[in-house]
Amino acid sequence: EYLFDPQKLDIGYLRWNAQTSNKWVKKVEATFSYQRLEENRKMTKTASFTQNSESDLVNTLGGSLIAISEINDHWKASSGIDFYHDDVSSSAFSMDYLRAIKKSYRGLYADNSILASSSLYSNHFIQLNRLNINFGGRLNQTQIRGEDVEFGDINLKPIALVGSAGI
């Protein structure tokens, strides 16, 4: 038997936007968000007196700032920055109800781990009669950090620069 006991997601955000007469920043939008994900799982094998329980809690802060540009009648762009920061708590235990023994073990994720991500991007759209051209790029940096007894300490900081173009 496999049960979610319970699975809860709370989300809240604040959003602000404004219009301007500047062609480089025709519209600007800022968003700040908070998410809390709580997930508990219980697993019991058929004809077993042992129940395994896992619990994960992820708190996420995020934000973005987006600028829409209308450079001319044919050229528009969307540029911005965004960030997200996750704090992760994870635990697990098994309970043998026949012998009344409770044993803790590693949860699904490394307990007290962190994932942070930030990016900067710009996408451009040009329309010339029936020809549509788009191009852009995104710079993204992520950090994953955690202390894990089973797999060792984790500290990864990958960076990616991605471009796109199309006609």
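# Salt bridges, loops and a surface patch

The structure holds 9 salt bridges, a salt bridge being a side-chain nitrogen of Lys or Arg within 4 Å of a carboxyl oxygen of Asp or Glu. This is a predicted model, in which local features need pLDDT of at least 70 and side-chain atom pairs count only at pLDDT 80 or more, while totals for chains, interfaces and linings use all residues. Residues are numbered from 1 along each chain as its sequence is written, and side-chain values use heavy atoms, with hydrogens and water left out.

Q: Which residue forms a salt bridge with Asp-82?
A: The partner of Asp-82 is Arg-138, and the closest N and O atoms are 3.1 Å apart. This pair links distant parts of the chain, 56 residues apart: Asp-82 is in strand β4 (residues 75-96) and Arg-138 is in strand β7. Strands are DSSP runs (E, at least two residues), numbered from the N terminus, as are helices (H or I, at least four).

Q: Is Asp-82 buried or exposed?
A: Asp-82 counts as buried, at 15% relative accessibility. Buried means under 20% relative accessible area, exposed over 50%, and partly exposed in between (1.4 Å probe, protein chains only). Arg-138 is partly exposed, at 34%.

Q: And what about Asp-148, which residue does it pair with?
A: Asp-148 forms a salt bridge with Arg-106, with 2.6 Å between the closest N and O atoms. Asp-148 lies in the loop between β7 and β8 (154-156), and Arg-106 in the loop between β5 (101-105) and β6, 42 residues apart. Asp-148 is buried, with a relative accessible area of 6%, whereas Arg-106 is partly exposed at 29%.

Q: Changing topic: what is the phi of Ala-47?
A: The phi of Ala-47 is near 65°, a positive value in a residue other than glycine. Most residues other than glycine have a negative phi. Ala-47 is in the loop between β2 (27-44) and β3 (50-70).

Q: Which residues form the nonpolar patch on the surface?
A: The patch consists of Leu-65, Ile-81, Leu-120, Leu-139, Ile-159 and Leu-161, with about 590 Å² of accessible area together. Patches are made of residues with over 30% relative accessible area and no salt bridge, where like charges are joined within 9 Å and nonpolar side chains (Val, Leu, Ile, Met, Phe, Trp, Tyr) within 5 Å. Accessible areas come from the Shrake-Rupley method with a 1.4 Å probe, and for residues only the protein chains shown count as cover.

Q: Where does Leu-161 lie?
A: Leu-161 lies in strand β9 (residues 159-166). Leu-161 is exposed, with a relative accessible area of 71%.
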